[in-house]
There are 2 protein chains.
Amino acid sequence: MHERVLRHIAHIHTDFPTKFGVPRQSGLVDSLKAVVQFLPEFRSADAVRGLEEFSHIWLIWEFSQAVREKWSPTVRPPRLGGNARVGVFASRSPFRPNPIGLSSVRLEGVELHPSLGPLLHIAGADLMDGTPIYDIKPYLPYGDCHPDAAGGFTDVHRRRVLDVDFPPDLLGRIPPDLRAGLLGVLGQDPRPAYHHDPARQYVLPFARWEICFTVAGDRLTVRDVRTAPSAGENP
Amino acid sequence: MHERVLRHIAHIHTDFPTKFGVPRQSGLVDSLKAVVQFLPEFRSADAVRGLEEFSHIWLIWEFSQAVREKWSPTVRPPRLGGNARVGVFASRSPFRPNPIGLSSVRLEGVELHPSLGPLLHIAGADLMDGTPIYDIKPYLPYGDCHPDAAGGFTDVHRRRVLDVDFPPDLLGRIPPDLRAGLLGVLGQDPRPAYHHDPARQYVLPFARWEICFTVAGDRLTVRDVRTAPSAGENP
């Protein structure tokens, strides 16, 4: 038997209702907060006992928006401009034989909620809101950290960070605790890799808002902040 | 639907026919060699294109010897002496709601074999021979490496390394290219955590041999090396 049925044990709640703007790797926007909530069957304070002693944890999760019947041996990573192809196993692309994602995130705290069970407050996640999770593991520096590792094509194609011009009256519409995360997301340049049209206006859905912006050269300018049409439907 | 069917894409070939002696984490015995071989459906040179530029890769695999119907919220990690309990999500124990293992290993080379397809030559793996693999990803230092991460209970309970006394005439029975790995495995103290009987003789199955040894204090002494009864049945 060459397969296995895995269960979802939890979901993550993030400020990304769509994939647009999700950081391309975990840790790139450390100010971005999220919460992991277990499914009822897995709500156990015992199961997370001792987890709070770790500063970082692994999430092993499902690329639930990227499940395909077929897989392609090669992919075009955004880091290479969206044109060059590399092998799917030499990439972190979501379009893989098994739709498994892997992210290390900072653990800010474990809350024992009276009705929802343990909630993991995390930072730096690169997951869409509602993404199902298969497993949570502690990050072990002695086994997981390789400071001298060679990062292949990712070493030479580091993505630029943009200057972000966010007019104060617009930024004021966002709650203070979400601002640093949003600024980090914008600075990472959420546009598709091959877009370079300074006149084009983009709309980033973020939490209950839509952030409208343009990009000219290295500068991103926020043009409007409006309430999303579906706001209030917090899952 | 709260589950997903995942396929095995590859198997690993290591020198551990049983779980006895398998390092407790990846990277602990860097001299230990292994080979990843893809299942026929996934044998594609394109799928590993560019992987050789990375020095380390992730294996996401199945704890195939630890699949259980039920899961327990707490486990007793060997690093804590096998007595203290921690939450399963605060451990890397194989006995988890989903039997998923996560290991970073050093990639020594990618061989394009004419009939077996791409073979990944790796070092430092902590997997039993024949373990099925779900996914292979490049290790990205900028996202995966957190040198300052706090490692919880693993920080204070580093396992001692033993002095290994391996008589030269016995070591001579092991092929030269396997010796460093075997010495590393023995130095990590493969005994169960709660064993402290200097008279007890242990038998480590390693590749086609059985390594018989005793441990007194901080010293492990190899007593015999014999050919395993099942030797020759290389899967």
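Which residue in strand 13 of chain A is the bridge partner of Phe213(A)? It is Val222(A).

First, the ground rules. This is a predicted model, where local features need pLDDT of at least 70, side-chain atom pairs count only at pLDDT 80 or more, and totals for chains, interfaces and linings use all residues. Residues are numbered from 1 along each chain as its sequence is written, while chains are lettered from A and ligands numbered from 1 in the order in which they are written.

Now the strands. Strands here are DSSP E runs of at least two residues, and helices are H or I runs of at least four, numbered from the N terminus. Two strands pair if DSSP finds at least two bridges between them. In chain A, strand 12 and strand 13 (residues 219–227) run antiparallel, joined by 8 bridges. Their hairpin has 2 residues between the strands, and Gly217(A) takes a positive phi near 60 degrees there.

Strand 12 of chain A also has strand 11 (residues 202–206) as an antiparallel partner, through 5 bridges. Phe206(A) stands opposite Trp209(A). This hairpin, too, has 2 residues between the strands, and Ala207(A) has a positive phi near 50 degrees.

Look at the side chains next. In a regular strand they alternate between the two faces of the sheet. Strand 12 of chain A (residues 209–216) shows it: Trp209(A), Ile211(A), Phe213(A) and Val215(A) point to one face and are buried. Buried means 20 or more other C-beta atoms within 10 Å of the residue's own; exposed means 12 or fewer, partly exposed in between, with C-beta atoms placed from the backbone.

On to the two chains. 62 residues of chain B are in contact with 62 of chain A. Contact means C-beta atoms, placed from the backbone, within 7 Å. Strand 1 (residues 3–7) of chain A joins strand 1 of chain B by 5 bridges, and the two run antiparallel. Arg7(A) stands opposite Glu3(B) there.

How do the copies relate? A rotation of 180 degrees, with 0.0 Å of shift along its axis, superposes chain B on chain A, at RMSD 0.0 Å. The two are therefore related as by a two-fold rotation axis. The same surface serves both copies: 100% of the contact residues of chain B recur in chain A.

Key
Two residues are in contact if their C-beta atoms, placed from the backbone, lie within 7 Å. Copies are superposed by least squares on the C-alpha atoms of residues with pLDDT of at least 70 in both.
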